[in-house]
Amino acid sequence: MTGTWVSILPPIIAILMVLITKRVLLSLGAGILAAALLAASFAPAESATNVWKAMTVSIWDAGALNTYNIYIMLFLLLLGVITALVSLSGGSRAFAKWAIQRVKTKRGAKLLTVFLGIAIFVDDYFNALAVGQIARPITDEHKISRAKLAYFIDSTSAPICVISPISSWGAYLIGQLALLFGGVAAISYSPLSAFVMMAPMNFYVVATLAMVFFLAWTNIDFFEMKKHEDRATATGVLYDPNKDIPGQLKEEFPEHSAGRVRDLAAPILTLVGITLAMMVWTGYKAGGSMNIWSIFENTDVPFSLLIGGLSGTAIAVLLYVLQMKMNPTASYSLVGRAFLSGIKAMMPAVLILIFAWGLTFLIDQLETRVFLSEVISKANLPIAFLPAIMFVLAGLMAFSTGTSWGSFGILIPIAGTIMIDMAPEMLLPALSAVLAGAVFGDHCSPISDTTILSSTGAGCNHIDHVATQLPYALICAGVATLGYIILGLTGSVWMGLVGILVVLVLLFAFLLTKSKKVAVHSV
């Protein structure tokens, strides 16, 4: 049943169950079981073997330790430990008091989060978790819901990484373009220059960033997000305490007045600084060159995160030990409790990742992406609408498989080959539409690892994040689709860009007008 329409059923089952039951692990488990049965043609013994492989692939893959996934999981656990330690030391409380004196408005807190998301652009995993740790105390103080924080994190991580050449995403995509352009003499631009030229053609990123800044500047929200924001503003309840909140500590540590801003700032800055340094070092070591493109193409992000996490944890422990003389409640036993509390807080996120990676493994075994790519290849697609079609198809593929990079790997060669043969002038717009669609699908998919990590970084229930982000992502996708249609019909990137900007201005004007009317009626 591999490579056929049946292969699309497991991700559909998982996604529908997530949306209906709101229980992530149960839903991912159902998808894994369905995929295991289909891959084995319902043979009981082989199906059981497939389930075992799916649940262990995060640890052991192809006869060796899966260090990539292991390092990500260890980093998550260390991040939970750092969170617990800075709470134990009073650093979170001290930093929040310090920040509230400098970031005095809710708008300022939201904009700071957005700018942090844009500034930390080297990797989406790193972005999601680092921005969450820095911004969460500030957004909590200003009664910004965790769902809104997760939206800001998710909508500034992948969208920035996918247009930044100095990032793990940029290095990967430039490498993909190099493979595509390698055998084509007619192409006059380099992979790097092509990547840079594609940035303004990524209409989903343009629409998403415009939406993010609009929502950060105003107090406008709608659909599920409005419920979360209204509750946070009215009651100060930032999340539903009855739901699993990855990264949220269950234990309250003794209060004291010995905490300092450095008790939070130093561990987080150490984590960020060491991680960046290790990314440069591992990239240089693997590539043998100090060329910035070579470094990011060869960097080992999970290992760098692990070393950064260990360093941040060590600094957090050291600072707590140094404050023991001033802190009457301090004890070494509390350090042990903090370690356990941090690990427990991150276990839901780690389990969700293990299940999501397991489902992705079986989806690969079923060759779901191969089936989708064959459908695209055999379809008689009209050239003028190809960018819009590629955007939608990339979105569906990323949504179904939970991976934008997998969609890049399948669709970039397909879109590139079609456009080089039939309409070379539309090559870059079509490729950019693939990148845009994959990020869109990744934003919407509850089985996407980046969506899971954005929830974790924000301390937000995973399904709450998916439900609140989905309407915003769909609106931006609709605007982007219109832009790609205009581009295809006119052949002008700038006409497409102007088209989406006009639509966004009208949309924002409508939302502002509606908001003012509601405010007048409420008075």
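What follows is a working chat about a predicted model.

Student: What should I know before reading the numbers?
Tutor: This is a predicted model: local features need pLDDT of at least 70, side-chain atom pairs count only at pLDDT 80 or more, and totals for chains, interfaces and linings use all residues. Residues are numbered from 1 along each chain as its sequence is written, and side-chain values use heavy atoms, with hydrogens and water left out.

Student: OK, start with T218. Where is it?
Tutor: T218 is in the loop between α11 (203-217) and α12 (224-235). Helices here are DSSP runs of H or I, at least four residues, numbered from the N terminus.

Student: Is T218 buried or exposed, and why?
Tutor: T218 is buried, because its relative accessible area is 10%. Buried means under 20%, exposed over 50%, partly exposed in between, with a 1.4 Å probe and protein chains only.

Student: What does T218 touch?
Tutor: T218 touches K110 and L512, leaving out residues up to four places away in sequence. Contact means heavy atoms within 4.5 Å.

Student: Which backbone oxygen lies 2.9 Å from a polar atom of its side chain?
Tutor: The backbone oxygen of F214. A polar contact is a pair of N or O atoms within 3.5 Å; within protein, one must be able to donate a hydrogen and the other to accept it, and residues adjacent in sequence count only if both atoms are side-chain atoms.

Student: Which cluster does F223 join?
Tutor: Ring pairs link F223 with Y151, F152, F222 and Y472 into a cluster. Rings of Phe, Tyr and Trp (its six-membered ring) pair if their centres lie within 6.5 Å; planes under 30 degrees apart count as stacked, over 60 as edge-to-face and the rest as tilted.

Student: How many aromatic pairs in the structure?
Tutor: There are 17 aromatic pairs. One of them, Y151 with F152, is tilted: 5.7 Å centre to centre, 45 degrees between the planes. Y151 and F152 are buried.

Student: Switching to cores. Which residues touch the most other members of the largest one?
Tutor: F181, Y204, F391 and L431, out of 148 residues in the largest nonpolar core. Apart from it lies another core of 14 residues, including V81, A84, A316 and Y320. A nonpolar core is a set of buried Ala, Val, Leu, Ile, Met, Phe, Trp, Tyr and Cys residues joined through side-chain atoms within 4.5 Å.

Student: And S400?
Tutor: S400 lies in helix α18 (residues 386-401). S400 counts as buried because its relative accessibility is 10%. The backbone oxygen of L396 lies 2.8 Å from a polar atom of the S400 side chain.

Student: Last one: why does the length of α2 agree with what it should span?
Tutor: Its 16 residues should span 22 Å at 1.5 Å a residue, and its end C-alpha atoms are 22 Å apart, so the two agree. The expected span is 1.5 Å times one less than the number of residues.

Student: What do the buried residues of α2 pack against?
Tutor: They pack against α1 (9-21), α3, α16 (332-365) and α22 (462-490). Among the buried ones are V24, L28, I32 and L38.

Definitions and conventions. Helix = DSSP H or I, 4+ residues; strand = E, 2+ residues; numbered from the N terminus.
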